[in-house]
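Work through the exercises below with the structure open beside you. Try each task before you read its solution.

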Amino acid sequence: MRALVQRVLDASVTVEGQITGRIGTGLLVLVCAMQGDDDAAADKLAARVAKLRIFRDDQDRMNRSVQDIGGACLVVSQFTLAADTRTGNRPGFSSAAAPADGERLYERFAQALRDLGLPVETGRFGTDMKVALTNDGPVTIWLDTADRA
């Protein structure tokens with residue numbers, strides 16, 4: 001699974017004019033399930049996100065996790081993280097998980113974060129969403145479960 005994680009002061013997601021999720025300080029997590037991903041990948045990614053030390057400590061160093069600061073996560077599905085741009089000008093998305101698998105793993109990921117004690121808000125899988133955020137830093141980190149053993 002892939003995630004683009006942004007440290008935020010606040011973030012929200014709106015679907016059809018209705019806010020479906022809103023957080024204050026924490027992480028906006030754009031997440032994509034890839035072909036071949038399973039529940040273990042979702043759980044692994046959730047653990048990495050929860051423990052990612054990108055918040056400032058007392059010495060102004062990035063040394064605290066979202067768990068450490070009592071922050072929240074806004075999880076938004078984004079299949080375009082699977083974009084293949086190696087050839088041509090139009091990205092391909094064939095490496096993304098099938099929609100049914102993608103939705104299940106997206107929900108599993110969000111629940112895994114909740115199980116780790118984090119408040120989690122979400123977008124709505126498979127819909128056109130409007131995401132607003134105030135990126136803090138800015139700090140934006142790319143995670144991919146395929147990059148690590």
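This is a predicted model: local features need pLDDT of at least 70, side-chain atom pairs count only at pLDDT 80 or more; totals for chains, interfaces and linings use all residues.

Residues are numbered from 1 along each chain as its sequence is written, and side-chain values use heavy atoms, with hydrogens and water left out.

**Exercise 1.** Work out which order the elements of the chain follow from the N terminus on.

*Solution.* Begin with the definition: helices (H or I, at least four residues) and strands (E, at least two) are DSSP runs, numbered from the N terminus. Counted in this way, the chain holds three helices and eight strands. Reading from the N terminus on, their order is β-β-β-α-β-β-α-β-α-β-β.

**Exercise 2.** Decide which residues of helix 3 are buried, and where they lie around the axis.

*Solution.* First take the helix itself: helix 3 covers residues 99–115, and its 17 residues reach 24 Å from the first C-alpha to the last, close to the 24 Å expected at 1.5 Å a residue; the expected span is 1.5 Å times one less than the number of residues. Next apply the cut-offs for relative accessible area, where buried means under 20%, exposed over 50% and partly exposed in between, with a 1.4 Å probe and protein chains only. By this test Gly102, Leu105, Tyr106, Phe109, Ala110, Ala112 and Leu113 are buried. They cover an arc of only 155° around the axis, which puts them on the same side of helix 3; the arc is that of the directions from the helix axis to the C-beta atoms. On the other side of helix 3, Ala100 and Asp115 are exposed.

**Exercise 3.** Find how many aromatic pairs there are, and classify each by its planes.

*Solution.* Rings of Phe, Tyr and Trp (its six-membered ring) pair if their centres lie within 6.5 Å, and planes under 30 degrees apart count as stacked, over 60 as edge-to-face and the rest as tilted. The count by this rule is two aromatic pairs. The ring centres of Phe79 and Phe93 are 5.0 Å apart and their planes stand at 70°, so this pair is edge-to-face. Tyr106 and Phe125 form a tilted pair, with 5.9 Å centre to centre and 40° between the planes. Finally, compare the burial of these two residues: Tyr106 is buried, with a relative accessible area of 2%, whereas Phe125 is partly exposed, with 25%.
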